[in-house]
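Please find below a short note for a colleague who is meeting this structure for the first time. The points are numbered and may be read one by one.

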Amino acid sequence: MATITAPLPTHAPRHYTGLMEWLTTVDHKKIGLLYVWTSFLFFLTGGVLALFIRLELAQPGLQVLGANQYNQFFTMHGTTMIFLFVIPMFAGFGNYFIPLMIGARDMAFPRLNAFSYWLLLGGGIVLYSSFLSEPSSAGWTGYTPLSTSTFSPGPGVSMWILSLLLIGTSSLLGAINFIVTIVNLRAPGMRMTRMPLFAWAILTTSGMILFATPVLTGALIMLLTDRLGLTSIFASSQIDPKLWQHMFWFYSHPAVYIMILPAMGVVSEVLPVFSRKPIFGYKAIAYSTLAIGVMGFLVWAHHMFTTGIAPQLKLFFTIATMAIAIPTGVKIFNWIATLWAGRLDFKTPLLFAFGFLSMFVIGGISGVFMAIVPIDMQVHDSYYVVAHLHYVLFGGSVFGIFAALYYWIPKMAGWIMDEGWGKLHFWLMLVGFNLTFFPMHILGLEGMPRRIVDYDGGFGWSRYNNLATVGAFLIAASIVAFLINLYVSHERRVKAGDDPWQGNTLEWMTSSPPPDYNFETIPTVHSDRPARDVRMAAARSKQLPSD
């Protein structure tokens, strides 16, 4: 009997265009752009919530929000800015630039990379879907018993938990992908001590996510099963409320460094380029990044000095909190040394890097103050803490994000951003930021508690709250200037060229924007400034006499 053999089916890969191209992409650059645009949209949303909060607090009495709605707005604002803006924004920069910086074709696991993004977007949709019912009003920290079903019976907290579980899973998968990519896919000759400092920051951040996120995930799952009536862990009257706080802050204080280390990595790339000098103390900056990553897990309970923890623990966490300032100080002094006697080119990326340096130092100093137990007992749960948090995370992370945008948009888009609008954006943001958050130090020292919707006019807090509200709208005006800059620059399309800043790292050795395959041939690296090496070799060859 004859056997009929059918030819094997051949399946040519489909090449989509338009919307389907973005929905199905596994290209790290497109996924990076999806992260950046999605995070920026959440930033705008969280900013609008912040403006409502500031309008409410500008004067005594209830102006625009009721008490419960105010609680919902600041819960959503804090959750959005941390989990849907800062962390995923740096994940977007990492997705786009880490393969380019280390000379790789793509991330190690492209499909996992795409899955991570869609989990993030799903988490954001779940969080904001709670506005259709009743958003969480338990605060972004979700403290128990306030977040249990007894005190928050509606669906808001449960949706908040589900959204954080999705976002946390996205972060975990992304962290694994970054670690494998950086460890295994570096270009020939790129030893760890030749790796870009931004890659060091992403590697350390990914390690922190890998160790910290499962603790928060476990706490969220237990809280969710409590709310569903399946368990009685945090809901039990026999359980110390500090259990949730320990689990939450074990993640959330490392999360501060998860948000700030990538900004430090960006600054470490921007400063040497715009000072026309090599980074001062490359190894010191790289190893201090690792030190912060490790020590970040040893300081969480300084958030809990007022909860009655043992004096021995207070002593340990005081010392640890002060000690973590040492590797941070190492970075700051090395950055200053990089700038010293440099030929500074005051373009917008450098201005935002200066903003990061100055504002983050203020936030760091106030953080050292609060490491001292008597001072923390005085200012805890006051607006002093709100000021400190924003000087670290807005003054640090957000200024770092805009330094990265102005630095890398020419590479991502192929056209240069307008300098006039960029400088207007910077100065409006710097003035507005300080006008908003510096008076909060004074409000805290004068006794204004955080998370209140109203206050008595007799306390004399109105003038500082008025200043903060004016400052918040100046920040909003600065974001409008950035959006106008994007539109104007997009319409003018002044070509950036492949290397507009005369950069140091490998992404400047390919076209703007880069091709799908990143590099025609994988480059071989001989120093920590490979792009400069190629540029200098080309200049020398032009000067040689021809035969």
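**Notes on the predicted model**

1. Salt bridges link Glu21, Asp27, Lys29 and Lys30 in a network. The structure discussed here is a predicted model. Lysine 29 pairs with aspartate 27, and their closest N and O atoms are 3.1 Å apart.

2. How buried or exposed are the members of this network? Lysine 29 is buried, at 4% relative accessible area, and aspartate 27 is buried as well, at 12%. Lysine 30 has a relative accessible area of 15%; because buried means under 20%, lysine 30 is placed in that class. Glutamate 21, at 28%, is partly exposed.

3. In the whole structure, the search finds nine salt bridges. One of them joins the side chains of arginine 450 and aspartate 381, at 2.9 Å from N to O. Arginine 450 lies in the loop between α14 (419–445) and α15, and aspartate 381 in the loop between α12 and α13 (383–413), so this pair ties together parts that are 69 residues apart in sequence. Arginine 450 is partly exposed at 24% relative accessibility, and aspartate 381 is partly exposed at 41%.

4. Threonine 80 belongs to helix α3, which covers residues 67–102. With a relative accessible area of 0%, threonine 80 is buried. Which side chain makes a polar contact with the side chain of threonine 80? The partner is tyrosine 128, at 2.5 Å. When neighbours within four places in sequence are left aside, threonine 80 is in contact with Phe42, Gly46, Phe85, Leu127 and Tyr128.

5. A nonpolar patch on the surface is formed by Met322, Val361, Ile365, Phe369, Ile372 and Ile375, which together have about 440 Å² of accessible area. Which helix gives the largest share of the nonpolar patch? Helix α11 (residues 348–370) does, with three residues. Isoleucine 375, another member of the patch, is placed in helix α12 (residues 373–379) and is partly exposed, at 33% relative accessible area.

6. Isoleucine 362 is also found in helix α11. Its relative accessible area is 32%, and it is therefore partly exposed. The C-alpha atom of isoleucine 362 is separated by 6.8 Å from that of tyrosine 391, although the two residues are 29 residues apart along the chain.

7. The bond from threonine 144 to proline 145 is cis, with omega near 5°, and proline 145 is located in the loop between α4 (110–129) and α5 (156–184). Serine 512 and proline 513 are likewise joined by a cis peptide bond, with omega about -10°. Proline 513 is in the loop between α15 (462–492) and α16 (530–543).

8. The loop between α15 and α16 also holds arginine 493 and glutamine 502. Arginine 493 is partly exposed at 46% relative accessibility, and glutamine 502 is partly exposed at 41%.

Conventions
Residues are numbered from 1 along each chain as its sequence is written. This is a predicted model: local features need pLDDT of at least 70, side-chain atom pairs count only at pLDDT 80 or more; totals for chains, interfaces and linings use all residues. Side-chain values use heavy atoms; hydrogens and water are left out. Helices (H or I, at least four residues) and strands (E, at least two) are DSSP runs, numbered from the N terminus. Buried means under 20% relative accessible area, exposed over 50%, partly exposed in between (1.4 Å probe, protein chains only). Patches are made of residues with over 30% relative accessible area and no salt bridge: like charges are joined within 9 Å, nonpolar side chains (Val, Leu, Ile, Met, Phe, Trp, Tyr) within 5 Å. Accessible areas come from the Shrake-Rupley method with a 1.4 Å probe; for residues, only the protein chains shown count as cover. A salt bridge is a side-chain nitrogen of Lys or Arg within 4 Å of a carboxyl oxygen of Asp or Glu. A polar contact is a pair of N or O atoms within 3.5 Å; within protein, one must be able to donate a hydrogen and the other to accept it, and residues adjacent in sequence count only if both atoms are side-chain atoms. Contact means heavy atoms within 4.5 Å.
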